[in-house]
There are 2 protein chains.
Amino acid sequence: MTLILGIDPGSRITGYGVVRDTGRGCEYVASGCIRTGSGEMPERLQAVYRGVREVIRLHGPMTMGIEQVFMARNPDSALKLGQARGAAIVAAAEEGLVIAEYTATQVKQAIAGTGGADKQQVMMMVMHLLKLVQKPQIDASDALAIALCHAHHRQSLIPHGLTGAKRRGGRLRL
Amino acid sequence: MTLILGIDPGSRITGYGVVRDTGRGCEYVASGCIRTGSGEMPERLQAVYRGVREVIRLHGPMTMGIEQVFMARNPDSALKLGQARGAAIVAAAEEGLVIAEYTATQVKQAIAGTGGADKQQVMMMVMHLLKLVQKPQIDASDALAIALCHAHHRQSLIPHGLTGAKRRGGRLRL
C-alpha cells in the first residue's frame, strides 16, 4: 500500500492527483487543481509551492510523478512552465518525496496503451481505471494519469512482479 | 539602512550578492555562488532553494532583485532556467522578502550607464561601486549588479529623493 502523487504543473493551474497503489491495482484518493490566482509572479509560484506542500501534508504520499517536458511552445512559455515546475518539485523534495519524471508518451502508453492517445481518451481511461463516476477537471485528470503511470513503472521495478522489459510500454493492468 | 539581495539563477550555478543600502550609497556585504552539483534535477533545485534560504537567513535582507528573462536561447534551456528561478523565488517568498524583477538592460543601465555594456564592463563597475579589490566570480558579480540595480530603483521611489522620472535609466550614483 503506497500513496502516490501525480502533479501536472502550470503557471495558472497546477493539477494534482493522489492514488493508493494496493499492489494489485490503484484506488482513487484525491485530486484537484491549485489555482495560482492573478497576483504577481512570486505570489503565484508561492501558491504552487504551498498548494503542493498542503496536498502532501494532508495525504502523506511517499513518492511523486511529474511530467517531463520536451517541447514547450516557445522560450517564454517554457520559462513560465519551468518556474511552476521548480516550485512544485522543491515542495515535494523538501517534504522528502522521491520524484520521478515521465514523458507524455510514457503516461499515455501506461494509461491508454498507446502514446498517441488524446486528452479525452486519457481521461476516459483514468475514470475507468479509478472507477470514477464524475469527470475530473482536465488538469486533475492529467495529474491522476501521471500518478497511475508512476504506479505502473514502480511496479515494474518490483522483482517478483512482471519484469520491466515485459511491462515496458504496456498498458496498466488493474 | 536596508540589506538587498541580488540573485542570478542558473541550473548549474546560482550567483548571489548582498549589499547594504545606506541611503547615500551601497556597501558590499557578501557574494558567492550556489553550485547545484551533478545530482538529479530535484536535488539540484533543492540546492538552489536551500542555498538562497541560507543566504537570506544568514544576512537578513528584506528585499530581493532578480533578472527578468526575455530571450532564452531555446525552450529546453528556458525550462531549466525557469525551474531554477522558481526554486530561488519560492525560497525568497517563503522567507517574506519583497521581490522585484529587472531586465538585463535595466541592470546594465543602472550600473554602467548604458544598456549595451558587456559582462566585463558591468563587473568593473560593480568592483568600483562597491570598492572591491578582488574580482568576484562572474555569477556573483552579476548578482551584485542586480542588487545594486534594485537599490537604485528603490531609491527612485523615495519621494524626497530625486524623482523616478529624473533617475530612470540613469547611472547609479554613490
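## Close-up views of a two-chain predicted model

**View 1. D118(B) sits at the start of helix α4 of chain B.** D118(B) caps the N-terminal end of α4(B), with a side-chain oxygen 3.1 Å from the backbone nitrogen of Q120(B). Helix α4 of chain B covers residues 119-129; helices (H or I, at least four residues) and strands (E, at least two) are DSSP runs, numbered from the N terminus. Within this helix, V122(B), M123(B), M125(B), V126(B), M127(B) and L129(B) are buried, where buried means under 20% relative accessible area, exposed over 50%, and partly exposed in between (1.4 Å probe, protein chains only). An α-helix has 3.6 residues a turn, so residues three or four places apart point the same way. After α4(B) comes K131(B), whose phi is positive, near 55°.

A word on reading these views: this is a predicted model, in which local features need pLDDT of at least 70 and side-chain atom pairs count only at pLDDT 80 or more, while totals for chains, interfaces and linings use all residues. Residues are numbered from 1 along each chain as its sequence is written, chains are lettered from A and ligands numbered from 1 in the order in which they are written, and side-chain values use heavy atoms, with hydrogens and water left out.

**View 2. Chain A at a glance.** Six helices and five strands make up the elements of chain A. Starting at the N terminus, they follow the order β-β-β-α-β-α-β-α-α-α-α. Of the 174 residues in chain A, 56% are buried. Among contacts in chain A with a separation of 6 or more, 61% link residues 24 or more positions apart; contact means heavy atoms within 4.5 Å.

**View 3. The five-stranded sheet of chain A.** The strands form an open sheet of mixed pairing, in the order β3-β2-β1-β4-β5; two strands pair if DSSP finds at least two bridges between them. At the edges stand β3 (26-35) and β5 of chain A, each with a single partner strand, so one side of each is left without a neighbour in the sheet. Direction ignored, neighbouring strands of this sheet are turned by 20° against each other on average. Helix α2(A) packs on the sheet, where it touches β1 (2-8), β4 and β5 of chain A, and its direction makes about 165° with that of β4(A). For such angles, axes are lines fitted to C-alpha atoms, for helices over the stretch in contact, and angles run from 0 to 180 degrees between N-to-C directions.

**View 4. Strands β4 and β5 of chain A, side by side.** Strand β4(A) (residues 63-68) and β5(A) run parallel and are joined by six bridges. Here I66(A) stands opposite E101(A) in β5(A). T103(A) also belongs to strand β5 (residues 98-103) of chain A, and its 16% relative accessibility is why T103(A) counts as buried.

**View 5. D8(A) and D139(A), two annotated residues.** UniProt lists D8(A) and D139(A) under "binding site" in an unreviewed entry; UniProt positions are given in the numbering used here, feature names are shortened, and annotations may be inferred rather than shown by experiment. Strand β1 of chain A holds D8(A), while D139(A) is in helix α5 (residues 138-155) of chain A. D8(A) counts as buried, at 14% relative accessibility. Not counting residues up to four places away in sequence, D8(A) touches several residues, including I13(A), D139(A) and I146(A). Leaving aside its neighbours within four places in sequence, D139(A) is in contact with D8(A), I13(A), G15(A) and C33(A).

**View 6. Where the two chains touch at E94(A).** E94(A) is part of helix α2 (residues 75-94) of chain A. The side chains of E94(A) and Q46(B) are joined by a polar contact of 3.1 Å; a polar contact is a pair of N or O atoms within 3.5 Å, where within protein one must be able to donate a hydrogen and the other to accept it, and residues adjacent in sequence count only if both atoms are side-chain atoms. Apart from its neighbours within four places in sequence, E94(A) is in contact with Y49(A), Q46(B), Y49(B), R50(B) and R53(B).
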